[in-house]
Amino acid sequence: MKVLKFGGSSVASADRIKNIISIVKPRLDSGEKLTIVFSAFGGVTDTLIEMSVLASHGKDKYLALYHQFRDRHTTAARELLSEPGFHALSAAMDENHDTLKDLLKGIFLVREASPRTMDYVLSFGERNANVIIAEAMKENGINAEYLDARKIIRTNKDFGNARVNFKLTNEAIREHYAAHQDKLQIVTGFIGSDIGGLTTTLGRGGSDYTAAILAGALESEVLEIWTDVDGVLTSDPRKVKQAFTIPTLSYTEAMEMSHFGAKVIYPPTIQPALNKGIPIYIKNTFNPSFSGTLIHKDHDTRFRSTIKGISSLSNLSLLRLQGSGMMGVPGVSGRLFTALGKEKINVILITQASSEHSICLAVSDKESKKAVVAITEEFEKEIEDGLIESVKCETDLCVVAVVGEEMRNVPGVAGRLFEGLGKNGINVIAIAQGSSELNISFVISKEDETKALNAIHDSFFLSDTKRIHVFMVGVGLIGGTLLSQIEDQKETLKSQNGLEIKVCGLANSKNMIFDENGIDLSNWRNLLNDSNIPSSFTEFTGRMIGMNLSNTIFLDNTADAVIPSNYEKILAASISIATPNKTAASSAYSHYSLLKELAKKNNVEFLFETNVGAGLPVISTLRNLIHSGDRIISIEAVLSGSVSFIFNNFDGSKPFSHLVEEARALGYTEPDPRDDLSGADVKRKITILAREAGLKTETDEVTIHPILPETCMKASDVEAFFEELKRQNVYFDGMLKAASAENKVLRFIARVDDDKVSCGLEEVGSDSPFYHLAGSDNMIVFTTQRYRQRPLVVRGPGAGAEVTAAGLFAEIISAGN
């Protein structure tokens, strides 16, 4: 004998019931002996509860729901049965519906729905569904028979969550099946009856329990639970998109996962099967050929990960009882849990300090107030005497459990677990681990639940692939180029580097788009243009933080001065930042220092390599020198690609003003070249380098020896500027001739010497590394204790969308690792 159970989603419509018939009929035809348990049609139990609540509150809206209930079952019967079959069944169905209607009217009149009455109301869901399904089976050539489980499952009178009397139940089941061996039994799940015949229900997941009770009593070969997912998954697929089916679980692993929120199987279901050693299969009604999950006595030592699964329970409160009056006093725990037991409060997690100074326990939010009252009353005297503090209660929490029998054989699991949480800024409030090492449970804020599940899942199940979630503001030349680079490299990154970059948010000056599963980068322009979400950086930040994704990095590709004011909030949310925007790193030293401290405190990165040399490894090289113990003596640098282009080509063959016009036409300078030639940009860059070298330099402390005469800087507009610049060609020719006379060239060099920071136009000879600069190259020269005789030189393009985007790309990967 094999016992099968189909849940509400599997029987939600006539077509789905026909699908079940197509699954079981070939098995019956091949000689398999089956018995089948069915739940109520999908959503019906909730509807019965809602109509009862409305009736008990005196609201006649319950009648509309009653008619929906009646129509749904009548429609299903019409779709599944022939005309004669439907008419043969309709009288019994009408009688059943009329009984329910009278029952609801009684609730409406007395304004009360007692637990006993509710159990009877809820039974109509399973009874109606199973009668219809049994008749549909018959019409499809199956020798089936409807079995009301109230005839065989005997319970006490704990209405709503009745306890089974297994002695009486097993006798009734065996007696019934011995007398009906020739017929397939279609059994109502969820319901039973007390010895006097009153209808009871078995609590949440009761249909699974019904099937397990049958399997145990009949000593079945196997128990099959058919649902709407491919077995037990490594985590909740609604929260962890990468979750996958676990091929096998031990009974204890399955019970642990179920206790902590895995919805596929109800914990008490496992016990009757465990007692008899009956294997349980979790199968998918909509993918019947898939193997699903096998639950049996042994755990799988060959599974791909040390842990088997991650589950969670949300909407919990953590209660803390603490005080010196608890230390060394026997019986405190007994009193605590007796007080909670009297109020029938379920304790989900317990942890106690070894000092016995405190006990923490997790209960559901809806029971937290009652629990606080119960504990306070029990320890009233100790609280009054100051031996124990008032009960503390934290709400809106969740418990996450990492489960796997193999954990006891592998050291370092807890370290790896909590390291991953810490890197993602997830604060652990309480921890519990049994001596069996089967389960590590911990309490966190409910808002971190999805983030924690994904971080742990990635760490243990996708250790070969790490996901990075990117949010980007500014999709112009640099941003657009970066998106193209990410799209072009995605397969290589995944196969060779084990990285998967998901761009989950984009914004330009007009619109924003978000997708936690990753925006299609082959079509991002159209998606962004067609978005109906107007651009607002405040809202963008709020959504990014609210999505609370693991391994997140924010990219600011703008030159906006306001956006960096939000960096503190972003870093505090444990989100890394990478940006070519120099505003933050060159702001007041106190703010720069605060941002770095926030990044360190929250285990994230504040990256601004592209502030100084686009894609050149300037800041990283400087940091590596310092971290390795070297001492910086001086830094000399050409840091402006546009100014470098102008002076690298200023050889007398073209007037200076002409070179500036050429640089502007090529896009090297800003629309107003004075923004480059003023030295303000170089001033910010050298300030950043000075700070990274250890100086507390403020931008206004940097000395600038200006390139342009004052008359050029004061020109009223760009056109007037160029007119004045032409008049000053003689001035620049004079500087060039003076330098050439000594076989030197002109270069705009920024310097850090000891505690002095400056930038200005200098004459350099052939012994200088800057002498041979060409094109728009930048060059940074580090003279250090170790590189004193031959300074360390970093040279290359210091501007351009491709190299800047490449620099940002490298920082994304760096932050992800």
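Modeller: Please do; we may begin with α28, where Val-730, Lys-737 and Ala-741 are exposed on the other side of the helix. The model is predicted, so local features need pLDDT of at least 70 and side-chain atom pairs count only at pLDDT 80 or more, while totals for chains, interfaces and linings use all residues. Residues are numbered from 1 along each chain as its sequence is written, and side-chain values use heavy atoms, with hydrogens and water left out.

Colleague: Which residues of α28 are buried, and what makes them line one face of the helix?

Modeller: Asn-729, Phe-732, Leu-736 and Ala-739 are buried in α28. Seen down the axis, these buried residues of α28 fall within an arc of 95°, so they line one face. The arc is taken from the directions running from the helix axis to the C-beta atoms. Buried means under 20% relative accessible area and exposed means over 50%, with partly exposed in between (1.4 Å probe, protein chains only). An α-helix has 3.6 residues a turn, so residues three or four places apart point the same way.

Colleague: What do the buried residues of α28 pack against?

Modeller: They pack against α23 (656-665), α27, β27 (745-753) and β28 (756-764). Helices (H or I, at least four residues) and strands (E, at least two) are DSSP runs, numbered from the N terminus. Contact requires heavy atoms within 4.5 Å.

Colleague: Why are α27 and α28 called oblique to each other?

Modeller: Helix α27 (residues 718-727) and helix α28 (residues 729-741) pack at about 50°, and their axes are 4 Å apart. Angles under 35 degrees count as roughly parallel, over 145 as roughly antiparallel, 65 to 115 as roughly perpendicular and the rest as oblique; α27 and α28 are therefore oblique. The contact joins Leu-725, Lys-726 and Arg-727 of α27 to Asn-729, Val-730 and Phe-732 of α28. By class, this contact of α27 with α28 has 3 nonpolar, 1 polar and 2 charged residues. Ala, Val, Leu, Ile, Met, Phe, Trp, Tyr, Cys and Pro count as nonpolar, Asp, Glu, Lys and Arg as charged, and the others, Gly among them, as polar.

Colleague: How do you know that the span of helix α3 agrees with what it should be?

Modeller: The expected span of a helix is 1.5 Å times one less than its number of residues. For the 19 residues of α3 (residues 62-80) that gives 27 Å, and the end C-alpha atoms are 27 Å apart, which agrees. In α3, Tyr-62, Leu-65, Tyr-66, Phe-69, Arg-70, His-73, Ala-76, Ala-77 and Leu-80 are buried. They cover an arc of only 140° around the axis, which puts them on the same side of α3. The buried residues of α3 pack against α1 (14-29), α2 (44-56), α4 (83-110) and α5 (115-139).

Colleague: What makes α3 and α5 roughly parallel to each other?

Modeller: Axes are lines fitted to C-alpha atoms, for helices over the stretch in contact, and angles run from 0 to 180 degrees between N-to-C directions. α3 and α5 pack at about 10°, with their axes 10 Å apart, and are therefore roughly parallel. Phe-69, His-73, Ala-77 and Leu-80 in α3 meet Phe-124, Gly-125, Asn-128, Ala-129, Ile-132, Ala-136 and Glu-139 in α5. The residues of this contact of α3 with α5 divide into 7 nonpolar, 3 polar and 1 charged.

Colleague: Why is Leu-122 called buried?

Modeller: Leu-122 is found in helix α5, and its relative accessible area of 9% makes it buried. Not counting residues up to four places away in sequence, Leu-122 touches Thr-45, Leu-48, Ile-49 and Phe-190.

Colleague: Is Arg-150 buried or exposed, and why?

Modeller: Arg-150 has a relative accessible area of 19%, so it is buried. Arg-150 lies in the loop between β3 (144-147) and β4 (154-155). Among its contacts, neighbours within four places in sequence aside, are Tyr-120, Arg-127 and Thr-199.

Colleague: Why does Glu-219 count as exposed, and why does Asn-315 count as partly exposed?

Modeller: Glu-219 has 56% relative accessibility and so counts as exposed, whereas Asn-315 at 38% counts as partly exposed. Glu-219 is in the loop between α7 (206-218) and β8 (222-227) and has a positive phi of about 50° although it is not a glycine. Asn-315 is in strand β12 (residues 309-322), and its phi, near 60°, is also positive in a residue other than glycine.
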